[in-house]
Amino acid sequence: MTNLKKQYLSSSLWVIIGRGSSNAMSFLVFVVIARYLVPAQFGQVAFAAVFTDLTRALALAGIPQAMVRSSDWEQRRASTAFWLNLGLAIALAIVVGGGLGTGFEWYFGGGFGLIIASLSATFVIESSSSIHEAKLQKEFGYRSLANRLLIGTLIGGVVGIAMAVSGFGVWALVGNRLANSIAQALLLWATVKWRPSWTYDKEEAKPLLSYAFHLGGSAVIGKLNNRIPDLFLGVIANLTAVGLYRVGSRAVFMIQDAVIAPLQNTTLTTLSRANERNALASAYTRIVMACGLLAFPVYGGAALIATDFTVLVFGPQWHLAGQVMTALALAGAASALLSFTPPTLVAVGWTRFVLINNVSTFVIALVLTVILARWGAVAVAWGYCLRAYLSVPLSLVLLGRATDIDAVKVMKGLAPSFISASLMVGLLFFVQENLMTEVTPILRLLTMVAGGVLLYPAFLMIFGRKLVLDLWREAGHLLPIRKGKA
């Protein structure tokens, strides 16, 4: 188990490096492109991407995860998974890019059909390397995955910025996605020495399809949970509201990718190796506690600086996007817990519970969004925040039934970091609203960041000293540093 912890820690660190570098670069690209586009243009691509992103989730979910979870890497099974996944992606691309794209072009005009067709090509490209990625994940090859992510983001960013500066408008966003997908797929083929054989075994395909059925549906519903705002804002409000929501959510999703996703991505691989239920429960609890230690103050701080940050980075025309960012950031505490439910349930084979969990959160999100969409992007963002906290109890119940995870123990483990972050946010909010209303946005933002850096550790030493020392001691044992060496 100690070796597994070392692999988990090393993998998480590489994912953090890859995700962090990629997110920083991707955000800079996003900022540059945003300055050349207006909210309605962002909304156009975001609305089209709802349908292609949902299809991508269906095309890429399930089969690669089944290969990660398998006890060994058998060539016949892996090749069958490759061709099955690629065939499914091509079929879905034809349906969405061709059929749905044609319908949208007839209804909206303005190149909507071609935008959807172009975005559909990305998940076909990604499916051609998804089994290669699964092999790296299974072997804890997260260093290679981090390098691939960084290089792909760089290439996509160069293409997107060049197109934006050259006046390609919304196509700068499309070009960015396409270039990124192509670069990452080529890098995976170059990195992973495995090659699929011309083999398709129907007997191997049956369990893969069975496994993918629940996960594919769950992935679509899970993705739809995040894209419901784009969909209904576009239908009920307008494309400008979609653009405001997309820009406001961008920084929050960047935090999720940098703080939560590294641990989330390695959770399935790690927990799949935990053979005993009590070992799995213990590993899950430690993972969630470590995540909350960083996620709570980061999300809380993001909510504090959201409006100033958005105006400074994107310009005053994006002021309402700052309010969207505030609401979504405040949902971060719940997101830090909810993000680990699906991989944990998958690790123990309870894919049916994954589907139940995603369906429930989907229903809540759907009802709240439909009710609030008429009031615009900010109202929908607050609905998303409410949905996150309403989804926590069911998530814990499902985990408790599938594993020996104790919800009370998990909440107690999270309490010190949550209390410390809440006190930090409360104190800084008082200062911001009562003492700094007349100062410049940049000075106010810097003051909030500095205050958070000082206050959170101070509160944590009061309320969570034991938690910090335990996690530090455990990390110290796992780091490959010999005693007595600097």
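Glutamate 133 has a relative accessibility of 24% in this predicted model, and because buried means under 20% and exposed over 50%, glutamate 133 counts as partly exposed. Its salt-bridge partner is arginine 148, with the closest N and O atoms 3.6 Å apart. Since glutamate 133 belongs to helix H6, residues 130–138, and arginine 148 to helix H7, residues 142–165, the pair ties together parts that are 15 residues apart in sequence. Arginine 148, at 11% relative accessibility, counts as buried.

Let me turn to arginine 444, which meets aspartate 308 in a salt bridge at 2.8 Å from N to O. This pair links distant parts of the chain, 136 residues apart, with arginine 444 in helix H18 and aspartate 308 in helix H11, residues 277–314. Arginine 444 is buried at 13%, and aspartate 308 counts as buried at 9%. Helix H18 itself, residues 441–463, reaches 32 Å from its first C-alpha to its last, close to the 33 Å expected, and its buried residues include Leu445, Met448 and Tyr456.

The last pair is arginine 227 and aspartate 53, whose side chains meet in a salt bridge at 2.4 Å, N to O. Through shared partners, salt bridges join Asp53 and Arg227 with Arg177, Asp230 and Arg246 into one network. The count of salt bridges comes to 9.

Definitions and conventions
Residues are numbered from 1 along each chain as its sequence is written. This is a predicted model: local features need pLDDT of at least 70, side-chain atom pairs count only at pLDDT 80 or more; totals for chains, interfaces and linings use all residues. Side-chain values use heavy atoms; hydrogens and water are left out. Helices (H or I, at least four residues) and strands (E, at least two) are DSSP runs, numbered from the N terminus. The expected span of a helix is 1.5 Å times one less than its number of residues. Buried means under 20% relative accessible area, exposed over 50%, partly exposed in between (1.4 Å probe, protein chains only). A salt bridge is a side-chain nitrogen of Lys or Arg within 4 Å of a carboxyl oxygen of Asp or Glu.
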